[in-house]
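Subject: Handover of a structure, with notes

Dear colleague,

Please find below the structure that I am handing over to you. My notes on what was found in it follow directly after.

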Amino acid sequence: MTETEVFMQQVIYGLSNGMIIALVALGYTMVYGIVELINFAHGDVFTLGGFLTLTIVGALGAAAIIDPANLGDSSHWLLLFALVIGAGIFCGGLNVAIDRVVYKPLRRAPKLTQLVAAIGVSFILVNLALFWGGAPMEVFGGGNAAAASKDFPELLEGRNLLGEDSNVVLRLEDVSIFIITIPLMIALTVFVKATRLGRGMRATAQNPVAAKLMGIDTDRVIAATFMIGGFLGGAASVMWSLYNNTISFQMGFRAGMDAFTAAVLGGIGSMPGAMVGGVLIGLIRAMSDQYIETRWTNVVVFGVLILILIFRPSGLLGLKQREKV
Amino acid sequence: MKIKLIRSAFVFTALLAPLVGVGGALAESTIKIVSSLPRTGSANAQTTSMVNGIKMAIADVGGKIGDATIVYEDWDDASPQRGNWDPAVEAANADKAISDELVLAYIGTYNSGASKISMPKLNAAGLVMVSPANTAPSLTKQGFGEQNEPAVYRPSGKISYFRVVPTDDVQGAVAADYAKDIGSKKVFVLNDREVYGKGVAAVFEKRAKDIGLEVVGTDGIDTKASNYKSIVTKIKQSGADLVYFGGTTQTNAGQLAKDIVSGGLKAKFMVPDGCYEQAFIEAAGSRALEGRAFITFGGEDPKKLQGKGKEFYESYKKTYGGEPEGYAVYGYEAAKVVLSAMERLSKAGTPLTRESVRAEVAKTKDFVGALGTWSFDENGDTTNRTMSVNGVKDGEFEELKVVK
């Protein structure tokens, strides 16, 4: 492999991983933008999305759908979109339910109380995933080892799109991430910029009290935010499972940490910031694995984060926030 | 100052009192044997198999030593947060065993890193510890780890830790030799940055260099990463035709195997005995392993054991109705060697205490067990050196070569 090929390959991997991180990061940043809560449970909502996806895939387990010989025909794309939407709605609904049951009663409580509540919810969800992992299904290994990593079947053809002789590998998994993530991000941007509810979200983010006085139903806006954030997390969990072919009850921990880092890097509360931050973290990881050493990757990622925060305390695209404690 | 001294003397005596009671309690004819093995996480299937082995060994002696009844407790040293062994849990297990005066033997651990935590504690308490699965050489031998190893694990100066499985200085070398046998020329060595994985990878690397293989790169992976596609690209660039990973199923060997395939790397993949369990094949999916993965193991395929080992295999299948995992027989042997030491003491009329059991286990010589005839050497290691190299076929391990 030539240097250019290696670089191209790492860019592909960096972008693919980064897009997934960006989708999860949007969930953190949107919720923070509206209610100023770091929703630590978001990563675990993402995990449950992965478990739901595997359950559906297992339940549909008819050979016709997962038969390797059939990989790549259009029914797979249909299945893929159905999974994205199914997991998205599930995670969005779960997120809204968590907000209704846990965060809403604490809305006026001190920020620290809300934060600890979020960590508590995170623990509950992790254990739920652990319990789910023991489901007596074939795709869950017969339910013998709940905590074990689960093999996620290959739903997309594993062929190299650049030709079998090419040193650079670009597979449908990588492409599908772009195909699904980019439209989602565009749709989200349009939604927030151009719709009535989106305008309500922006207003609530700027000043919830004023928004309420202007007649905006802030509770509905908040619920919509949790729904959209959760939906993106659910979509990301499908992409993640498809891309890594493994799910485990701990997958949300690392994904959540990366995404949270991305949100902070890009400026928490800023949606373009989360997208840029996610892609940037994906790229930094790939480049560090290649040009430094894997064992130093986490050091590099957080080193960059600290550097950026020193020079731009509110993140890359973050706006100067008014003090509000 | 003087008053303080006197007071601490009082406290000391008070603390000692329950210890003096140990002798009395033992007369109450109950002996406890505990095991500390990972029950939460993908190693659970392997652990179940080892625990079954331990239970079989206890059943062999009728659950009794002399008049004393054996009570066996199966403890978990993993936690759901880690999905793998947990230092805090292992430390708590060791403390619990030490404080329960009926406990005369501690069987564990599965992971060498976990033993690092419990070894010094148990050694100070004089409690014998027999591991069915630890292979890191630095636990018992000098020159493989830090300067103060293994002395730091033996605060009492006595040997109280024993293992029935050959160590990684043998395993890593066998792996490197086999890599050469199958025609590899350039190897890339990865490890999981744990005691066991790092140790065995270092031995592999050294041996590989000694026998003329080119080591084109080394690195320690992040065991919680979502995928290893980037590092696979780096390996591809290095031109390696074999990737060695010192690690376990629990430290993401399965994901690495998958990413080698999806990254289009046509190299072979070699892993040590921490992956010699069905869970590894399940995690990686056999499509990523067949024909390209090689797993070394300090022993033989249970199906191929001879003599007492064959009896064990057949009786295991009859009792539990399934194939034993690779380490089942080591669980059996670990318990067996402790029990036979206890039986010898009981026959000689020596009271069973932690010290007498420890000393008797250390004397084990020419023990005829399921793994053949072997002894404990002066470090507490087995003299058994049997190793095998396995491949994967039709979703199961297949023995390719045995080295004795």
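In these notes, two residues are said to be in contact if their C-beta atoms, placed from the backbone, lie within 7 Å. Please bear in mind throughout that this is a predicted model.

I begin with a residue of chain A to which that definition applies. A:Leu265 has its place in helix α10 of chain A. With neighbours within four places in sequence left aside, A:Leu265 is in contact with A:Gly277, A:Leu280, A:Ile281, A:Leu305, A:Ile308, A:Gly315 and A:Leu316. Is A:Leu265 buried or exposed? A:Leu265 has 27 other C-beta atoms within 10 Å, and a residue counts as buried at 20 or more, so A:Leu265 is buried. By contrast, A:Arg108, 157 residues from A:Leu265 in sequence, lies 28 Å from A:Leu265, C-alpha to C-alpha.

The contact between the chains comes next. Chain A gives 36 residues to this contact and chain B gives 33 residues. On the side of chain A that touches chain B, at least two residues come from each of α1 (3-35), α5 (111-132), α9 (218-244), α10 (251-266), α11 (271-291) and α12 (297-311) of chain A. The residues of that side comprise 13 nonpolar, 16 polar and seven charged.

Chain B contains an open sheet of six strands, in the order β2-β3-β1-β6-β7-β8, with mixed pairing. Why is one side of β2 and of β8 of chain B left without a neighbour in the sheet? Strands β2 (64-65) and β8 (161-163) of chain B stand at the edges, and each has a single partner strand, so one side of each has no neighbour there.

Strands β1(B) and β6(B) run parallel and are joined by five bridges, with B:Ile33 opposite B:Ala105 in β6(B). Strands β6(B) and β7(B) are also parallel, joined by three bridges; here B:Ala105 has B:Val128 of β7(B) as its bridge partner. Strand β7 (residues 128-131) of chain B then pairs with β8(B) in the parallel sense over three bridges, and B:Ser131 stands opposite B:Arg163 in β8(B). Six of the six residues of β6(B) are buried, so this strand is largely enclosed by the rest of the structure. Helix α4 (residues 112-124) of chain B lies across β1 (30-37), β6 (103-108), β7 and β8 of chain B, at about 155 degrees to β7(B).

Helix α2 (residues 44-60) of chain B has 17 residues and spans 24 Å from its first C-alpha to its last, close to the 24 Å expected at 1.5 Å a residue. Of these 17 residues, 12 are buried, so α2(B) is largely enclosed by the rest of the structure. Among them are B:Met50, B:Val51, B:Ile54 and B:Met56. The buried residues of α2(B) pack against β1, β3 (68-76), β6, α9 (278-284), α10 (308-320) and α11 (328-348) of chain B. After α2(B) comes B:Gly62, which has a positive phi near 75 degrees.

Finally, I turn to the nonpolar core. In soluble globular proteins, nonpolar side chains tend to be buried together. The largest nonpolar core here has 205 residues, of which A:Ala235, B:Val243, B:Tyr244 and B:Val338 touch the most other members. Neighbours within four places in sequence aside, B:Tyr244 is in contact with B:Ala175, B:Val187, B:Val189, B:Leu190, B:Ala201, B:Phe204 and B:Met270.

With kind regards

How values were computed. Residues numbered from 1 in each chain as written. Chains lettered and ligands numbered in written order. Predicted model: local features only at pLDDT ≥ 70, side-chain atom pairs only at ≥ 80, totals over all residues. Pairing = 2+ DSSP bridges. Helix = DSSP H or I, 4+ residues; strand = E, 2+ residues; numbered from the N terminus. Axes fitted to C-alpha atoms, helices over the stretch in contact; angles between N-to-C directions. Nonpolar A, V, L, I, M, F, W, Y, C, P; charged D, E, K, R; others polar. Expected span 1.5 Å × (residues − 1). Core = buried A, V, L, I, M, F, W, Y, C linked by C-beta atoms within 7 Å.
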